Amino acid sequence: MTDGPERAPNGRMDDAYVVGDPDGLTPLQAEIRDAVARELHAQFALRADRLDLADLPEVAYQVTRRVDEVLSRIS
(Lines give C-alpha, C1' and ligand atoms only; values in the text may rest on other atoms or scores of the structure.)
Protein backbone atom coordinates (compact mmCIF):
# COMPACT_ATOMS: atom_id res chain seq x y z
CA MET A 1 0.00 0.00 0.00
CA THR A 2 1.31 3.41 -0.89
CA ASP A 3 0.57 6.85 0.48
CA GLY A 4 0.42 8.61 -2.85
CA PRO A 5 -0.63 8.09 -6.42
CA GLU A 6 0.45 4.90 -8.09
CA ARG A 7 3.00 5.30 -10.81
CA ALA A 8 3.19 3.38 -14.05
CA PRO A 9 6.40 1.50 -14.93
CA ASN A 10 7.49 4.56 -16.92
CA GLY A 11 7.33 6.67 -13.75
CA ARG A 12 4.23 8.61 -14.76
CA MET A 13 1.21 8.94 -12.48
CA ASP A 14 -1.83 6.73 -12.94
CA ASP A 15 -4.36 8.32 -15.30
CA ALA A 16 -7.05 8.39 -12.59
CA TYR A 17 -4.85 10.66 -10.52
CA VAL A 18 -3.78 12.84 -13.42
CA VAL A 19 -7.34 13.60 -14.54
CA GLY A 20 -8.20 15.02 -11.14
CA ASP A 21 -9.42 12.10 -9.07
CA PRO A 22 -7.95 13.16 -5.71
CA ASP A 23 -7.78 9.69 -4.21
CA GLY A 24 -5.98 8.24 -7.23
CA LEU A 25 -8.46 5.43 -7.77
CA THR A 26 -9.79 4.24 -11.08
CA PRO A 27 -13.58 4.48 -11.49
CA LEU A 28 -13.88 0.73 -10.82
CA GLN A 29 -11.76 0.96 -7.67
CA ALA A 30 -13.84 3.89 -6.44
CA GLU A 31 -17.05 1.96 -7.09
CA ILE A 32 -15.73 -1.05 -5.17
CA ARG A 33 -14.58 1.20 -2.31
CA ASP A 34 -18.03 2.79 -2.16
CA ALA A 35 -19.80 -0.59 -2.20
CA VAL A 36 -17.58 -1.85 0.63
CA ALA A 37 -18.17 1.32 2.64
CA ARG A 38 -21.95 1.09 2.19
CA GLU A 39 -21.99 -2.54 3.27
CA LEU A 40 -19.78 -1.91 6.30
CA HIS A 41 -22.03 0.97 7.30
CA ALA A 42 -25.07 -1.30 7.00
CA GLN A 43 -23.40 -4.07 9.00
CA PHE A 44 -22.47 -1.66 11.80
CA ALA A 45 -26.05 -0.36 11.87
CA LEU A 46 -27.44 -3.90 12.07
CA ARG A 47 -25.13 -4.69 14.96
CA ALA A 48 -25.62 -1.50 16.98
CA ASP A 49 -22.24 -0.04 15.92
CA ARG A 50 -20.34 -3.02 17.28
CA LEU A 51 -18.66 -5.88 15.46
CA ASP A 52 -17.66 -8.90 17.45
CA LEU A 53 -15.01 -11.29 16.21
CA ALA A 54 -17.72 -13.89 15.65
CA ASP A 55 -19.46 -11.48 13.24
CA LEU A 56 -16.50 -11.11 10.88
CA PRO A 57 -17.20 -14.12 8.64
CA GLU A 58 -20.74 -12.88 7.95
CA VAL A 59 -19.56 -9.31 7.41
CA ALA A 60 -16.84 -10.51 5.03
CA TYR A 61 -19.42 -12.59 3.15
CA GLN A 62 -21.75 -9.61 2.75
CA VAL A 63 -18.91 -7.35 1.62
CA THR A 64 -17.87 -9.98 -0.92
CA ARG A 65 -21.42 -10.09 -2.27
CA ARG A 66 -21.41 -6.31 -2.74
CA VAL A 67 -18.08 -6.43 -4.59
CA ASP A 68 -19.40 -9.28 -6.73
CA GLU A 69 -22.44 -7.14 -7.65
CA VAL A 70 -20.11 -4.34 -8.80
CA LEU A 71 -17.94 -6.70 -10.81
CA SER A 72 -20.89 -8.51 -12.39
CA ARG A 73 -22.16 -5.22 -13.80
CA ILE A 74 -18.98 -4.78 -15.82
CA SER A 75 -18.86 -8.32 -17.23
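Me: Which residues are buried in H2?

Reply: Ala30, Ala35, Glu39 and Gln43 are buried in H2. Buried means under 20% relative accessible area, exposed means over 50%, and partly exposed lies in between (1.4 Å probe, protein chains only). This is a predicted model, in which local features need pLDDT of at least 70, side-chain atom pairs count only at pLDDT 80 or more, and totals for chains, interfaces and linings use all residues. Residues are numbered from 1 along each chain as its sequence is written, and side-chain values use heavy atoms, leaving out hydrogens and water.

Me: What is the mean pLDDT of the protein?

Reply: pLDDT is the predictor's confidence in each residue, from 0 to 100. Here the mean is 81, and 71% of the residues reach 70 or more. Helix H1 (residues 15-18) has the lowest mean pLDDT among the elements, 51. Helix H3 (residues 56-74) has the highest, 95.

Me: How many helices and strands are there in the protein?

Reply: Both are DSSP runs, numbered from the N terminus: helices are H or I with at least four residues, strands are E with at least two. The protein has three helices and zero strands. From the N terminus, the order is α-α-α.

Me: How far do H2 and H3 reach from first C-alpha to last?

Reply: Compare the span with the expected one, which is 1.5 Å times one less than the number of residues. H2 has 20 residues and spans 29 Å, close to the expected 28 Å. H3 has 19 residues and spans 28 Å, close to the expected 27 Å.

Me: Which residues of H3 are buried?

Reply: An α-helix has 3.6 residues a turn, so residues three or four places apart point the same way. In H3 the buried residues are Val59, Gln62, Val63 and Val70. They lie on the same side of H3 because they cover an arc of only 100° around the axis. That arc is taken over the directions from the helix axis to the C-beta atoms. The face turned away from this buried side carries the exposed residues Pro57, Thr64 and Asp68.

Me: What do the buried residues of H3 pack against?

Reply: Look for contacts, meaning heavy atoms within 4.5 Å. The buried residues of H3 pack against H2, and those of H2 pack against H3. Take Glu39 in helix H2. Leaving aside residues up to four places away in sequence, Glu39 touches Gln62, Val63 and Arg66.

Me: Which residue forms a salt bridge with Glu39?

Reply: Side chains of opposite charge can pair when their charged atoms come close. The rule used here asks for a side-chain nitrogen of Lys or Arg within 4 Å of a carboxyl oxygen of Asp or Glu. The partner of Glu39 is Arg66, with the closest N and O atoms 2.8 Å apart. This pair links distant parts of the chain: Glu39 is in helix H2 (residues 27-46) and Arg66 in helix H3, 27 residues apart. Glu39 is buried, at 8% relative accessibility. Arg66 is partly exposed, at 21%.

Me: Which side chain meets Arg66 in a salt bridge at 2.9 Å?

Reply: That of Glu69. Glu69 and Arg66 both lie in helix H3, three residues apart, about one turn of the helix. Glu69 is partly exposed, with a relative accessible area of 36%. Shared partners join Glu39, Arg66 and Glu69 into one network of salt bridges.

Me: How many salt bridges does the count come to?

Reply: Six, by the same rule. Another of them joins the side chains of Asp55 and Arg47, at 3.5 Å from N to O. Asp55 counts as buried, at 18% relative accessibility.

Me: Where does Ala48 lie?

Reply: Check phi as well as place. Ala48 lies in the loop between H2 and H3. It has a positive phi of about 55° although it is not a glycine. Ala48 counts as exposed, at 65% relative accessibility. Asp49 is in the loop between H2 and H3 too. Its phi is near 60°, again positive in a residue other than glycine. Asp49 counts as exposed, at 63%.

Me: What share of the 75 residues is buried?

Reply: Buried residues make up 15% of the 75. The accessible surface comes to about 5800 Å², and 57% of it belongs to carbon and sulfur atoms. These areas come from the Shrake-Rupley method with a 1.4 Å probe; for residues, only the protein chains shown count as cover. Of the contacts with a separation of 6 or more, 36% are between residues 24 or more positions apart.
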